[in-house]
Amino acid sequence: MSKGKCLLVGGNGFIGKNLTQRLLEENWEVIVYDNTNPLIKSPNLIHIEGSIEDTTFLAKAIHSADAIIWLVHTSVPATSMYNVESDLSSNIPPLIRFIQLLPDNLKIKKFIYLSSGGTVYGDRDIKTPIDESSAKDPISSYGLTKLIAEEYLTFFLKRTSISTFILRPSNVYGRHQNLTKPQGIIGHAFKSIIHKQSIDIYGDGSIIRDYIHVNDLAEAIILCLKSSINNHFPKILNIGSGQETPINSIIELVNKITNLTVSVNRMPERPFDCKFNVLSIEKAKQEIGWTPKIELQNGLHDVWEWIRASSKPL
């Protein structure tokens, strides 16, 4: 029996593909709204091709949905700095126009927005896990637009009947990552192995990150959908591993798993790269009963198996 209909805005991206599979396994009917066709085929999957700029068209997809998950964002931290005005205009106005439609739709019970635990907090002087109440000081336009989106969501949806979750994932990796235009060190490292090309590492590789497998993130989203918490104010949760991993360690693990060697070019540090970002996940454990289950080495093995099994991985 179906648990309801879940609308994934931007559902054909890396996270969306993995999440769609999990939702189908959980007996949800899934509506994917995206400008590209989904790889997954299922009688319980509806694809609507469209742009987030087309609010009128997107609004039609709302009427049959019980839950909405907003996954789409038009930039990554590095590219967001190339055109800050475009980063703002392509992400914030479409979201505002969309959420203004929601209070009138009484069928919607849940709204989940994927923000960014990796960028909204900025750089830290004290090297301890960052909790949700920590100061927000983004150093990239990407992080700033995510934070602005959070504020508008809170402004419009607080004290509505819609139970809202804002999730701040750390660095997400896993199957279906775009290895043509990778986001993050893990995608770049595997791409360099596949193409026998060198990879640029900015700084000495001591930058510390928190890596979360996409399947663990999908489980957190599922638990939010299942949660009986009636949020009259958006609930913000970090979703990460809580583990410190230097970039150099990622390179070493990829070398070990592939039995090959990543060729590294050492480049100057970039101003928008935080030197330390590790999330405290205690709140997610307490509020929705979530804990990550996939260790980093096992997760990287999983990605490598997917790459090798794909006839055309790029």
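This is a short tour of one protein chain, stop by stop, for you to follow in your viewer.

Before you start, note that this is a predicted model, in which local features need pLDDT of at least 70, side-chain atom pairs count only at pLDDT 80 or more, and totals for chains, interfaces and linings use all residues. Residues are numbered from 1 along each chain as its sequence is written, and side-chain values use heavy atoms, with hydrogens and water left out.

**Stop 1: the whole chain**

Show the chain as a cartoon. You will find 10 helices and 13 strands; these are DSSP runs (H or I of at least four residues for helices, E of at least two for strands), numbered from the N terminus. The radius of gyration is 19 Å, close to the 20 Å that the globule rule gives for 314 residues, so the chain is as compact as a globular protein of that length. Here the radius is taken over C-alpha atoms, and the rule is 2.2 Å times the number of residues to the power 0.38. Along the principal axes, the C-alpha atoms fill a box of roughly 55 × 45 × 40 Å.

The chain exposes about 14,400 Å², with carbon and sulfur atoms supplying 51% of it (areas by the Shrake-Rupley method with a 1.4 Å probe; for residues, only the protein chains shown count as cover). Buried residues make up 54% of the 314 residues, where buried means under 20% relative accessible area, exposed over 50%, and partly exposed in between (1.4 Å probe, protein chains only).

**Stop 2: Lys3 and Glu26**

Select these two and show their side chains. They meet in a salt bridge of 2.9 Å, N to O; the term covers a side-chain nitrogen of Lys or Arg within 4 Å of a carboxyl oxygen of Asp or Glu. Glu26 sits in the loop between α1 (14-25) and β2 (29-34), while Lys3 is in the segment before β1 (5-9), 23 residues apart. Is Glu26 buried or exposed? Glu26 is buried at 15% relative accessible area, whereas Lys3 is partly exposed at 42%.

**Stop 3: helix α7**

Move on to residues 214-226, which form helix α7. This helix has 13 residues and reaches 18 Å from its first C-alpha to its last, close to the 18 Å expected at 1.5 Å a residue (1.5 Å times one less than the number of residues). Its buried residues include Val214, Leu217, Ile221 and Cys224.

**Stop 4**

Display both sulfur atoms. How many disulfides does a search of the whole structure find? The search finds zero, a disulfide being a pair of cysteine sulfur atoms within 2.5 Å. The sulfur of Cys224 is 11 Å from the closest cysteine sulfur, in Cys6, which is too far for a bond. Cys6 is buried at 0% relative accessibility, and Cys224 is buried at 0% too.

**Stop 5: two further pairs**

Select Arg175 and Asp302, whose closest N and O atoms are 2.9 Å apart in a salt bridge. Arg175 lies in the loop between β7 (171-173) and α6 (185-195) and Asp302 in helix α10 (residues 296-309), so this pair ties together parts 127 residues apart in sequence. Arg175 is partly exposed, at 30% relative accessibility.

Finish at Glu269 and Lys275, a salt bridge at 3.7 Å, N to O. Glu269 is exposed at 52%, and Lys275 is partly exposed at 43%.
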